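Student: Let's go through this structure by question and answer. Please show it to me before we start.

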Amino acid sequence: MTYASDVAALARKDLLLELRAKETLPSMLLFVIAALTIFHFALPNGTSDVAARGLLWAALIFTALLGLTRAFVAEREQSMFDALILTPVDRSAIWLGKAIAVLAFLVAAEIVALPAFAMFFHGLNGRTVAAVALADLGICTVGTLFGAMAVAGRARELLLPLLFLPMAIPIVVGGVGGYLWFLVLYDAIFALLSWAAFEYVVSEV
Amino acid sequence: MHLKLPALAAACTGLFGLAVVFAFFYAPADADQGLSQRIFYFHVPLALTSYACFGWGAWKALKYLRGRDERADLESYVAIHQGVIFGALTLLTGSIWARISWGVWWSWGEDELVLFLVLFLFYCAYFMLRFSVDPGPARANMSAVYALFGVVLIPVSFLAIRLSKQFIHPVVFKLQGPQMTGAQFFTFCVCLAAMLTLFATMYAIELAGKRLDCSLRELKELLS
Amino acid sequence: MIQARALAKRYGDRRVFAGLDVDVPDGGFLLVTGPNGSGKTTLLRVLAGLAAPSAGELQLPPRHTIGYLGHEPLVYRELTPLENLTLFGRLYRLPERGERIGMLLERFGLWEVRHERVSTFSRGMQQRLGLCRVLLHEPTHLLLDEPYNALDAEGAALLDAVFQEHSFEEPRAWVIATHEPQRVDRYATERLAFA
């Protein structure tokens, strides 16, 4: 029970920070719409819906990456990991709280992006929406862990895409092909691994 | 350690000579592909050795996370370093093979080749991570976590690549052709043994070098 | 009580300190002095459990008993003092955090600005808020790294009062690192000087 309230307190803090700064979500929204517009011009006329759907996944992954890069900015700039890991909360609660906040931003961006995609390209179906929802879980759980790694390094913004994109390839496969069972499998495996591993990423001891 | 390294190197040289002789002169030529099929005896053992390296690296990573022993961190790093070298060679030989068999330098139809591209990207980022973080327990922790993600990513990616062919490439290439004959299989085993010994030797050499570096720097520190 | 034997810390090849024994009994007050870059901060981070020692034995106290103040005040800049302390009050699971937070903000002269963003504060005000965060959960192991940093005369007097109030009967152990020891020297029961 305390675990849930710890997670809630941490996630609420992140939503509050975003409400104040208004940086992450607006940039994700603008980015995803701009990307879809680029794709309209990148795709030749009369391209199939399947091709457009493939590009949707590319847009979503890069949008998520944008959000993940910003996820730990406050923690990094003000050394807040020091304060957070000294509290008695389980370290994995810090990961879960952050993953929930990132998920909220990503879903918010998609609530705009998916209808926009449907209007622009007519390639949206129920299965894709379900796949996007499942993929979001995998993206946010793994991405949050790797985001915490990336902010520890000197390269930071540069490092996260390098770490994360190879991990995102199976998500794209599952998403484009609509293999929902595969996405569930991916989410289960890597969410569990991220949950167990986060402690080692933020704490030396 | 002092005795093991020369012995390993000798075994490696011997096995490699044997492997070359077997692969080019002993193994019967393939009915369909002729001479070019012989790259199989190097390509596949390279790939398997690369898996072994990543697996060993992850095992050492797990050991590090359990005991926080600095040596395990170094061992994990060296194993993954070797894995990336063998992986790059796998990509190279695979590409040559694709050129000979199908006339293209790259084929998305070959699962293993695509998987190695993904793994190559993943493990190159491992080095970026390591070089970007200052040495110490934090870096060792992160490297270990990343190495563990790597071994889990291997089967998941493999499954994903298999799945992807159903919608990207409906045609499935038949790579293996007919079953290996006894002589072919024996040659393959010799080549695999040679490759694994090569890994063990290079691993031992790099590790010894890195450890020497460390002790030298510690010595310098003490003297200053 | 804080105890460590033969503590050593290296960063890569660089040795920060080695063979350090630290003994701070309950009610004890360890004053760590030395010039910038001599290892004071690293020692405090090791004692707080934020950095792993390279060698030696260290019995870490339970996390909720540690109050650590670093170079940064360790508060979110985009949140208000009240929001910051409420967050940490929740994470430390303080039962009556409202009262305690109000009392601390009052005491450190931040009550009037409790609804303003920390990013608009001067460095000295942020340091005061950092001290509030450290004292919030009534820790019994206090590790303060340059606590007088950036404080004005009034803020420094408030911190002096914290030290004066503490009685040696309390089961509290203090470790203070500073490069200007004269302000707290009279409280010190143990001393450690880095060269």
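Tutor: Helices (H or I, at least four residues) and strands (E, at least two) are DSSP runs, numbered from the N terminus. This is a predicted model: local features need pLDDT of at least 70, side-chain atom pairs count only at pLDDT 80 or more, and totals for chains, interfaces and linings use all residues. Residues are numbered from 1 along each chain as its sequence is written, while chains are lettered from A and ligands numbered from 1 in the order in which they are written.

Student: In what order do the elements of chain C run from the N terminus on?

Tutor: Chain C has five helices and eight strands. Read from the N terminus, the order is β-β-β-α-β-β-α-α-α-β-α-β-β.

Student: Why does chain C count as compact as a globular protein of its length?

Tutor: The test uses the radius of gyration over C-alpha atoms, against a globule rule of 2.2 Å times the number of residues to the power 0.38. For 195 residues the rule gives 16 Å. Chain C is close to that, so it is as compact as a globular protein of that length, with a radius of gyration of 17 Å.

Student: What percentage of the residues of chain A count as buried?

Tutor: A residue is buried if 20 or more other C-beta atoms lie within 10 Å of its own, exposed if 12 or fewer, and partly exposed in between; C-beta atoms are placed from the backbone. Chain A has 205 residues. The buried share is 52%.

Student: Is A:Gly138 buried or exposed?

Tutor: A:Gly138 lies in helix α7 (residues 126–152) of chain A. Within 10 Å there are 26 other C-beta atoms, so A:Gly138 is buried.

Student: Which residues does A:Gly138 touch, not counting those up to four places away in sequence?

Tutor: Contact means that the C-beta atoms of two residues, placed from the backbone, lie within 7 Å. By that test, the partners of A:Gly138 beyond four places in sequence are A:Ile171, A:Leu183, A:Tyr186, A:Asp187 and A:Phe190.

Student: Which element gives the largest share of the side of chain B that touches chain A?

Tutor: 26 residues of chain B are in contact with 25 residues of chain A. On the chain B side, α4 (111–132) and α5 (137–168) each give two or more residues. The largest share, 17 residues, comes from α5(B).
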